[in-house]
Amino acid sequence: MPVAVIFRCDYCDARPDAETQAALEAQMLDMRHGEYVDSGPGNWLTWHGRGLYGANRYSCGDHRGDLKAQLRETYGTLGWHPWAKGPHPWRGRRGTQRARELSRGIQGHNRPIRQPPPHGA
Ligand SMILES: [Zn+2]
C-alpha cells in the first residue's frame with residue numbers, strides 16, 4: 001500500500017512542490033548521519049541527523065539559514081557536520097566522493113578473482 005509522507009518546513013509549515021516532494025521521499029532511502037542534503041527545485045534542505053545529532057530536520061528554501069543556525073547552535077560542539085557548507089549533495093548527483101567510494105567498494109567485492117592457470121596448461 002503506498003504511503004504518502006508529508007514534509008513540512010520546520011519553521012513556516014510550508015509544503016514542498018511535487019518535484020521536491022519526490023526528491024525528499026527518495027532521500028528517505030539513504031542512510032546518512034550528520035549530513036545536509038539539498039532537494040530541488042524548491043531548494044529545500046534536509047538535515048540527516050540520527051544518533052547524537054538528533055532527528056531529521058527539514059526546511060524550505062527560505063529557511064535554510066535558520067535551520068543551519070539552529071543545528072550549529074545545538075550540535076556545533078559535537079563535530080564538524082553541522083558546519084558543512086553548501087552546495088550539499090543531493091540524491092542522484094553522481095561523482096561525489098561518497099558515491100565514488102561506494103561504487104569502488106561494491107565493484108571491489110564483485111571483481112572476479114583471477115585463477116592461476118591449471119597445472120600443465
Ligand atoms: Zn520555511
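My notes below go from the whole chain to single residues.

I am working with a predicted model, in which local features need pLDDT of at least 70, side-chain atom pairs count only at pLDDT 80 or more, and totals for chains, interfaces and linings use all residues. Residues are numbered from 1 along each chain as its sequence is written.

Fold. I found three helices and three strands in the protein chain, taking helices (H or I, at least four residues) and strands (E, at least two) as DSSP runs numbered from the N terminus. Along the sequence they follow the pattern α-β-β-β-α-α.

Burial. I count 20% of the 121 residues as buried, where buried means 20 or more other C-beta atoms within 10 Å of the residue's own, with C-beta atoms placed from the backbone.

Cys9. This residue lies in the segment before α1 (18–27). Why does Cys9 count as buried? Cys9 counts as buried because it has 22 C-beta neighbours inside 10 Å. Leaving out residues up to four places away in sequence, Cys9 touches Ala14, Tyr58, Ser59, Cys60 and His63, a contact being two C-beta atoms, placed from the backbone, within 7 Å.

Core. I then looked up the largest nonpolar core, which has eleven residues, among them Cys9, Tyr58, Cys60 and Leu67; such a core is a set of buried Ala, Val, Leu, Ile, Met, Phe, Trp, Tyr and Cys residues joined through C-beta atoms within 7 Å. The elements giving two or more residues to this core are β1 (35–39), β2 (44–48) and α2 (64–75), and β2 gives the most, with three.

Terms used: A residue is buried if 20 or more other C-beta atoms lie within 10 Å of its own, exposed if 12 or fewer, and partly exposed in between; C-beta atoms are placed from the backbone.
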